[in-house]
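The following note is written for a reader who is new to structural work. Please keep the sequence and the model in view while going through the points.

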Number of protein chains: 2
Amino acid sequence: MTPRPLRLALLGCGTVGTEVVRQLKSRHEDLAARVGAPLELVGIAVRDLTRPRDPAVDPALLTDDPSSLVGAGEADIVVELIGGLEPARSLLLTAMSRGASVVTANKALLAEDGVTIYEAAEKYGVDVYFEAAVAGGIPLIRPLRESLAGDTVRRILGIVNGTTNYILSRMDETGADFATALAEARSLGYAEADPTADVEGFDAAAKAAILGSLAFHTRISLGDVHREGIAGVTAEAVAAAHDMGYVIKLLAICERTDRGIGVRVHPAMIPRSHPLAAVRDAYNAVFVECEAAGHLMFYGRGAGGAPTASAVLGDIVAVGRNRVRGGVGIGESAYADLDVRPIGEAITRYHVNLDVADRAGVLAQVATVFARHDVSIQTVRQSGRGDDAQLAVLTHTAPDAALAATVADLRRLDAVRAVASVLRVEGEEGL
Amino acid sequence: MTPRPLRLALLGCGTVGTEVVRQLKSRHEDLAARVGAPLELVGIAVRDLTRPRDPAVDPALLTDDPSSLVGAGEADIVVELIGGLEPARSLLLTAMSRGASVVTANKALLAEDGVTIYEAAEKYGVDVYFEAAVAGGIPLIRPLRESLAGDTVRRILGIVNGTTNYILSRMDETGADFATALAEARSLGYAEADPTADVEGFDAAAKAAILGSLAFHTRISLGDVHREGIAGVTAEAVAAAHDMGYVIKLLAICERTDRGIGVRVHPAMIPRSHPLAAVRDAYNAVFVECEAAGHLMFYGRGAGGAPTASAVLGDIVAVGRNRVRGGVGIGESAYADLDVRPIGEAITRYHVNLDVADRAGVLAQVATVFARHDVSIQTVRQSGRGDDAQLAVLTHTAPDAALAATVADLRRLDAVRAVASVLRVEGEEGL
C-alpha cells in the first residue's frame with residue numbers, strides 16, 4: 001500500500017526556495033523513502049509571477065496570493081522562506097490553525113515573537129521546525145534541543161554571521177580596514193547592498209536569542225540581547241590583537257550567570273589557540289561549553305542557498321515522518337524560565353587602547369581610574385613617543401558595568417587624548 | 001496531575017553508569033521538567049555487589065542478576081552500559097520484548113549485530129537510542145539521522161578514537177616513537193592495559209560501521225569495514241609527514257563510490273590546513289561532506305565518564321519524552337541498501353617512503369613499477385646518500401588495489417632495500 005502523499009506549500013521562492021524545489025524534484029524517491037510517504041508540492045507563493053525561474057519550478061504551482069494558498073488548508077506542511085515579521089507570522093498562524101506543521105528559516109520572527117508561534121503549535125498540535133534559522137546547514141537545533149537535553153549548557157560562543165566573519169577574517173589576514181573589507185565582501189556577494197543587519201549585529205542577535213532559548217529552556221527575545229556591531233573595529237585594533245596572539249571575532253554569547261543568564265553579541269578578542277579562531281571566511285561555528293559533555297564545536301557553512309536548503313529539507317523530512325507516524329516532535333521547552341540579566345552584570349575582561357600624552361604620571365592617573373572602579377589590571381604596555389604615545393591595558397575579569405564606567409572616566413582624563421579601542425576578551429576559560 | 005514516573009533499569013555501573021546515577025539524583029527536577037515525568041531508578045545490575053561505590057548509588061537498588069531485573073518487565077527504559085555481545089544482546093532483546101525502550105552505549109554490539117537489535121525495536125514498537133556509542137558526548141547520531149535526512153552525505157572523515165589520537169598527537173608534537181607515546185597514554189589513563197581494541201582500530205571500525213549505516217541508510221557491519229591500526233606508524237613517517245605539511249591521523253572513512261559505499265579505518269596523512277588536523281590529544285571530531293550542506297565538523301570529547309553520561313542522559317530524556325507522548329522516535333533507516341565495496345576499489349593517494357640502493361637507475365626502476373600498475377606519480381624526492389639513500393613518492397589518486405600491487409612489486413625490487421612506510425593521503429579534496 002502506498003501511503004498518501006504529504007502536501008507541501010512553499011512560501012517564498014528565492015535562492016533557498018528554488019534549491020528546495022529542485023531537490024524535492026530530483027531526489028523525490030530518496031526523500032519519499034526517508035519520510036515514509038511521497039512529498040507533493042501543491043503551491044508556491046511568490047511576489048512576482050512574471051520573474052524568470054529555474055526550470056525545476058513548475059509555473060502552474062505559482063501564486064502571488066500566499067493567504068489563499070495557506071488558507072485553503074490543503075497543505076500538510078507549510079514551508080516559510082519569506083522572512084520578516086509580517087505577513088510571515090500571520091501566514092504561519094493561519095497554516096497551523098488549518099492543521100499544517102510548519103518549517104521556517106525565519107530567525108527574525110522567532111527571535112522577535114517566537115512565543116506566539118510556539119504557543120500556536122502547542123494549541124493546534126502541530127510541529128514548528130527551524131533548523132535553517134540558525135547557522136544555515138549546520139545541525140544545531142536538534143543537538144541543543146535533544147542530544148544535550150540530559151546535560152547543562154554553561155556557555156555558548158558562536159560565530160553565527162558569515163558576512164562579519166568574512167570581513168574580520170580579511171582584516172586579520174590582509175591588514176585591510178573595515179571599509180575596504182566590507183567592499184570586498186560586497187563584491188563577492190557575501191554582504192548585501194545594505195549591510196546593516198549583518199554589520200550591526202542584528203542578524204547575530206536574533207540567532208543568539210534562538211540559541212539561548214534552546215540551551216537554557218527559557219524564552220529569550222531580541223530585546224533581551226545586548227548588541228554591538230563591528231563597524232567600529234579598526235585595522236589598528238586587529239593588528240594589536242594579532243600581535244598579542246588574539247583574533248577579533250563577532251561573537252554571539254549566551255551564558256549562565258549567578259543570577260540567571262546573559263545574552264550578548266559584540267566583537268571580542270579570542271586567543272588564536274581557541275578552536276573558534278580557526279573559523280575563517282564566511283564559515284560559522286558554535287562552541288558549546290557543557291557541564292558533562294565538556295567543550296563541543298559545530299562547524300560549517302552558515303548561509304547560502306544549498307546549505308540552507310539542506311536544513312529546510314531535513315526539517316521537511318522530520319516533520320513528514322512525524323505526520324506519517326501520526327505524532328509531533330519536541331516542542332518549545334521554556335520550563336526553566338531563567339532571568340535574563342543586563343550586560344552590566346556580565347563578567348568579562350577588557351582590552352583598552354589609549355592614545356595618551358607623553359608625560360610623566362600618565363600611567364599612574366590611568367591606573368587610579370581602574371582602581372576606583374575595582375577593576376584589576378593584568379598587563380599594561382606603553383609604546384610610542386610624543387604624539388604617538390599609547391597605553392594598552394588588559395584587565396582581569398570584572399563586571400561589565402565597572403569596565404564601562406572605567407572607560408567613561410578614562411575619556412574624561414586630560415592625559416588621555418583618545419580611547420582608541422575597547423574590546424572584550426573571551427574564550428580564555430574555554431580552552 | 002503529576003504524570004506517572006518513568007522507571008529506569010541500569011545494566012552496568014562503572015564510570016559512566018555511576019555518573020548517570022549521580023546526575024539522575026542531583027538533577028532530578030530538571031530532568032523531570034525536560035522529560036515531562038519524573039525518572040525513577042528501579043534497579044542497577046552490577047557484577048560485584050561488594051565493591052565500594054559512589055554514595056549516590058543506593059545499595060538497595062543493586063543486583064547481580066541482570067536477567068531477573070530485565071525479565072521482571074518493570075522498567076520503561078533499560079540503559080545498557082555493559083558492553084560486548086553477550087549477555088548485552090540477550091538482555092536488550094528481553095527488555096524490548098517486555099515493552100521497554102533501550103538506551104545503549106554498546107558500539108560493538110550495534111556494529112556486529114545491530115540488525116537484530118533494530119528489528120526487535122521495530123517488532124516491539126520501542127525505541128533504541130545510542131548517541132553514546134559513537135564519539136561520547138559529541139552529538140552525532142541525531143544530526144546524521146535527522147538534521148541531514150534531507151541531504152546526501154558524500155563522505156565522512158572521523159577521528160573517533162581518543163587513545164590513538166592522543167598517541168599520534170604526541171608523536172607529532174614531541175617526535176616520540178609509537179611505544180613511548182603509547183606508554184605515556186597508558187600512564188595518563190588514555191590507554192588500557194591491553195590497548196589492542198584502540199591501537200588496532202577495532203574501536204574505530206565499530207564506530208565507522210555505525211556512522212556509515214546512518215549516513216548511507218544501509219546496513220554496514222563490522223566485517224564490512226577495512227581496518228588497519230597505528231602500531232606500524234613510525235617516528236620517521238610522522239616526521240616526514242610534518243616536513244611535507246601533513247599530520248598523520250587514524251581516520252574512520254565512510255564514502256560513496258561509483259558502485260556503492262566504502263568503509264575503512266586506517267592511519268592517513270591529512271594536510272595541516274584541514275580542520276581535522278587541529279584536533280589534538282584525546283579529542284574526537286567528525287568531518288562530514290554533504291552535497292547541499294557542504295562541509296560540517298562536529299568536535300568534542302569522545303570518551304570519559306561525564307561526556308558519555310551526557311549522551312546517555314540525552315537519550316534517556318528523548319526516549320522518556322517519547323514515552324510520555326505515547327510514541328517512538330525514528331528507527332533504523334536501511335532503505336538505500338547500497339553495496340559495500342572492497343578496499344581495493346577505494347580511490348586514494350599513497351605516500352611511499354623507500355630505502356633504496358644509492359646507484360644510478362634506481363628512480364627509473366621504481367617509476368617503471370608505478371607505471372606498470374597505471375599509478376601516476378605526483379612528486380618524488382630523493383634524499384640521503386649511501387646506506388641512507390631514500391625515495392619519497394607521492395602518487396596521484398588511483399584504485400587502492402593498484403597502489404597495493406605497486407607496493408608489493410616495489411618490495412621485490414633489488415634496488416629497494418625496504419619499504420619504510422606506506423600511508424594513504426586523505427582530506428585534500430575536503431578543503
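1. Symmetry of the two copies. Chain B is superposed on chain A by a rotation of 180° with 0.0 Å of shift along its axis, at an RMSD of 0.0 Å; the superposition is by least squares on the C-alpha atoms of residues with pLDDT of at least 70 in both copies. The two copies are thus related as by a two-fold rotation axis. Among the residues of chain B, F298(B) comes closest to this axis, with its C-alpha at 2.4 Å.

2. Basis of the note. The model is predicted: local features need pLDDT of at least 70, side-chain atom pairs count only at pLDDT 80 or more, and totals for chains, interfaces and linings use all residues. Residues are numbered from 1 along each chain as its sequence is written, while chains are lettered from A and ligands numbered from 1 in the order in which they are written.

3. The interface. Chain A and chain B each bring 43 residues to the contact, where two residues are in contact if their C-beta atoms, placed from the backbone, lie within 7 Å. On the side of chain B that touches chain A, α2 (28-35), α6 (141-145), β12 (294-301) and α12 (305-325) of chain B each supply at least two residues. The largest share of that side, 11 residues, comes from α12(B). Helices (H or I, at least four residues) and strands (E, at least two) are DSSP runs, numbered from the N terminus.

4. Composition and shared surface. The side of chain B that touches chain A has 25 nonpolar, 10 polar and 8 charged residues. Here Ala, Val, Leu, Ile, Met, Phe, Trp, Tyr, Cys and Pro count as nonpolar, Asp, Glu, Lys and Arg as charged, and the others, Gly among them, as polar. The copies meet through the same surface, because 100% of the interface residues of chain B are also interface residues in chain A.

5. Strand pairing between chains. Which strand of chain A pairs with β12(B)? The partner is β12 of chain A (residues 294-301), and the pairing is antiparallel over 3 bridges; two strands pair if DSSP finds at least two bridges between them. Within β12(B), Y299(B) is the bridge partner of M297(A).

6. Overall form of chain A. The secondary structure of chain A comes to 14 helices and 17 strands. Its C-alpha atoms fill a box of roughly 85 × 45 × 35 Å along the principal axes. The domain assignment gives domain 1 (6-136 + 305-325), domain 2 (141-300) and domain 3 (346-425) in chain A, the bounds being from an automatic or database domain assignment. Between the C-alpha centres of domain 1 and domain 3 of chain A the distance is 52 Å.

7. The parallel sheet of chain A. In chain A, 6 strands form an open sheet with parallel pairing, in the order β3-β2-β1-β4-β5-β6. At the edges stand β3 (62-63) and β6 (128-129) of chain A, each with a single partner strand, so one side of each is left without a neighbour in the sheet. Strands β1 (residues 6-11) and β4 (residues 77-80) of chain A run parallel and are joined by 4 bridges; in β4(A), V78(A) is the bridge partner of A9(A).

8. A helix across the sheet. Helix α12 (residues 305-325) of chain A lies across β1, β2 (39-45), β4, β5 (101-104) and β6 of chain A, at about 170° to β5(A). Axes are lines fitted to C-alpha atoms, for helices over the stretch in contact, and angles run from 0 to 180 degrees between N-to-C directions.
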